[in-house]
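Here is a short report on one protein model.

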Amino acid sequence: MTVEAGNRRIKPGKIVCVGRNYAAHIKELGNEIPENMVLFMKPGSCVTEKLASFHCGEPLHYEAEISFLYEKGRFSMAAIGLDLTKRGLQSRLKEKGLPWERAKAFDGAALFSPFVPFGGDFLHLSLVLEINGTIVQSASTDLMMYKPDQILKEITSFMTLEEGDIIMTGTPAGVGKIEENSLFRGVLKEGKAILSERSWQVSQ
Ligand code: ZN
């Protein structure tokens, strides 16, 4: 599947995700503050436009994240993304020290609002996620332990990013289970202005 990027559609090759980038979210999941940046990947095949509450019998949890499109050596555009997680399965895999792909890299595990150009200063970006009109997640880049420019530097120190790859910068506190029939609305702001937004009605 493709993502909207300005007036184009782009098929991302890979999505590189930061885990544990907001202190309050680390606390809510009972994780330790990591010594190094936690990074994992989703293949481009995860991208969908349909928000589901279950996948292969496992309940899905949402994580709203400020997301960037990588083009020409920099973050060219930004969006709000949903990193979907099979939280129960992920906990079982983590306990056994096994990789997370089964819990994070399944089909339909990544959704995005349209990618749009932004002013270029990462520090003015923030996200808001509402479910049925109630704000459940809200955070700005100030609260990130690793800022977008540090994330880009760290990833490219050991991995080549290709045109159209996506970076998800981690989720703030307020993650939870996706309930059937609920209405999600994700908003990416720059200062007080809405840059990009999308609504998703949860299907079964
Ligand atoms: Zn995430």
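## Helix packing

The buried residues of helix 4 pack against strand 3 (14-19), strand 4 (38-43), strand 8, strand 9 and strand 13 (165-168). Contact means heavy atoms within 4.5 Å. Helices (H or I, at least four residues) and strands (E, at least two) are DSSP runs, numbered from the N terminus. This is a predicted model: local features need pLDDT of at least 70, side-chain atom pairs count only at pLDDT 80 or more, and totals for chains, interfaces and linings use all residues. Residues are numbered from 1 along each chain as its sequence is written, and side-chain values use heavy atoms, leaving out hydrogens and water.

Helix 4 spans residues 148-156, with Pro-148, Ile-151, Leu-152 and Ile-155 buried. Buried means under 20% relative accessible area, exposed over 50%, partly exposed in between (1.4 Å probe, protein chains only). Seen down the axis of helix 4, its buried residues fall within an arc of 100°, so they line one face of the helix. The arc is that of the directions from the helix axis to the C-beta atoms.

## Zinc site

Glu-63 (OE), Glu-65 (OE) and Asp-83 (OD) coordinate the zinc ion at 1.9 to 2.0 Å. Donors are N, O and S atoms within 2.8 Å of the metal (3.2 Å for Na, K and Ca); water is not among the atoms, so sites may look incomplete. Glu-65 and Asp-83 are both buried.

## Cysteines

There are zero disulfides, a disulfide being a pair of cysteine sulfur atoms within 2.5 Å.
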